[in-house]
Amino acid sequence: MAVWVVEVNWDGTPALLASLRNVSSQRAQEERRRQSQKLGAIGRLAAGIVHDINNLIAAFDSGLRLLQKQLAENPGDPKSAILIDELLKRTQNGGALTQQLLAFSRRQSLTPEGIDLNGRIEQLSMLLERTLGSAIKIERNLDAALGPVLVDPTSSMSPCSIWMNAKDAMAGVGTLTIETSDVPDDIDDVHSLAGSCVRMTVRDAGCGMNKEILAQVFEPFFTTKPDGRGTGLGLSQVYGFVQQSGGHIRIESEAGEGTSVHLFLPRVQKQ
């Protein structure tokens, strides 16, 4: 039951007008919609995991059958060692998948250290300039007074997937802007982080996202890219890294208006 109360004037006398409305049906409908969304997300997660695991099983099955044949025909064949090395690489792929899922679930073991965020961005962006291509211009607006942030130095590589998503959104042509700054006090949903976190923003001028896509971007295995172009684990991994680091992530985007990804990362507190 929802109740609204307003002040009115009744024949010159101040009074209160109460309005009651039964919203149980509306709430039940909203709950059914939320449950449907959850089941859809679980379905995509399960389908993605099954797809990747099936690929690994298929690679092991064909590789082991070939290895069995080679050992039976010629135990000393040097190709057997090459095949074993290839199968070991496939186990690393499986390990990488589990690490990405652990990052999303925030159960990955992190070892936070104080790192120079501006310096790390400079290093990574120089490495990515060739990967992004000459048609992508990288603009860096970095706050020199930022100070170090407290994150795992290996997991801090995860924002690279944001840059690659930006490249795809701009179809390989455009300007990618990377900014660092203090968290402004006027951001309501991260107001409690002001003073304890710094902000890193990655902004592109690409195709943007509508509200429906924006609501699902952190779900593992959700992707709008064609088959073979993405696993759908990039943003979910970033989400897990930021949340487990004690930070916050927010995405602003509209279809045709580009996308801004804000990472709020904990700063090293002065003793």
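Where is the place of Pro112? Pro112 sits in the loop between α2 (78–105) and β3 (113–115), where helices (H or I, at least four residues) and strands (E, at least two) are DSSP runs numbered from the N terminus. The model is a predicted one, in which local features need pLDDT of at least 70 and side-chain atom pairs count only at pLDDT 80 or more, whereas totals for chains, interfaces and linings use all residues. Residues are numbered from 1 along each chain as its sequence is written, and side-chain values use heavy atoms, with hydrogens and water left out.

Leu150, Val151 and Asp152 are touched by Pro112, not counting residues up to four places away in sequence, a contact being heavy atoms within 4.5 Å. Pro112 and Ser245 are 133 residues apart along the chain, yet their C-alpha atoms are separated by 7.7 Å.

The secondary structure comes to six helices and nine strands. Of the 271 residues in the protein, 33% are buried. Among contacts with a separation of 6 or more, 68% are accounted for by residues 24 or more positions apart.

Salt bridges come next. Side chains of opposite charge can pair when their charged atoms come close. With a salt bridge taken as a side-chain nitrogen of Lys or Arg within 4 Å of a carboxyl oxygen of Asp or Glu, a search of the whole structure finds five. One of them joins the side chains of Glu122 and Arg140, at 3.1 Å from N to O. Because Glu122 lies in helix α3 (residues 117–132) and Arg140 in strand β4 (residues 136–142), the pair ties together parts that are 18 residues apart in sequence. Glu122 is partly exposed, with a relative accessible area of 30%, and Arg140 is partly exposed with a value of 30%.

Asp182 and Arg267 form another salt bridge, their closest N and O atoms being 2.7 Å apart. This pair links distant parts of the chain, with Asp182 in strand β6 (residues 174–182) and Arg267 in the segment after β9 (259–266), 85 residues apart. Asp182 counts as partly exposed at 39% relative accessibility, whereas Arg267 is buried, with a relative accessible area of 18%.

A salt bridge also connects Arg250 with Glu252, the closest N and O atoms being 2.9 Å apart. Glu252 is partly exposed at 39% relative accessibility, and its side chain makes a polar contact with the side chain of His262 at 3.2 Å. Such a polar contact is a pair of N or O atoms within 3.5 Å; within protein, one must be able to donate a hydrogen and the other to accept it, and residues adjacent in sequence count only if both atoms are side-chain atoms. His262 is found in strand β9 and is buried, with a relative accessible area of 3%. Leaving aside neighbours within four places in sequence, the contacts of His262 include Arg199, Met200, Arg203, His248 and Ile249.

Asp204, in strand β7 (residues 197–204), presents another case. Asp204 is buried yet has no salt bridge, and the nearest side chain of opposite charge, Arg203, is 8.7 Å away; Lys and Arg count as positive and Asp and Glu as negative, while His and the chain ends are not counted. The side chain of Asp204 does reach the backbone nitrogen of Gly206, at 2.8 Å. Not counting residues up to four places away in sequence, Asp204 touches Ala166, Ala169, Met170, Thr175, Leu176, Gly258 and Thr259.

Ala166 leads on to helix α4 (residues 160–169), whose buried residues are Cys160, Ile162, Trp163 and Ala166. These residues lie on the same side of α4 because they cover an arc of only 160 degrees around the axis, the arc being that of the directions from the helix axis to the C-beta atoms. After α4 comes Ala171, with a positive phi near 55 degrees.

Finally, the cysteines can be considered. With a disulfide defined as a pair of cysteine sulfur atoms within 2.5 Å, the count comes to zero. Cys197 is buried, with a relative accessible area of 1%, whereas Cys207 is partly exposed at 47% relative accessibility.

Technical notes:
Buried < 20%, exposed > 50% of the residue type's maximum accessible area, 1.4 Å probe, protein only.
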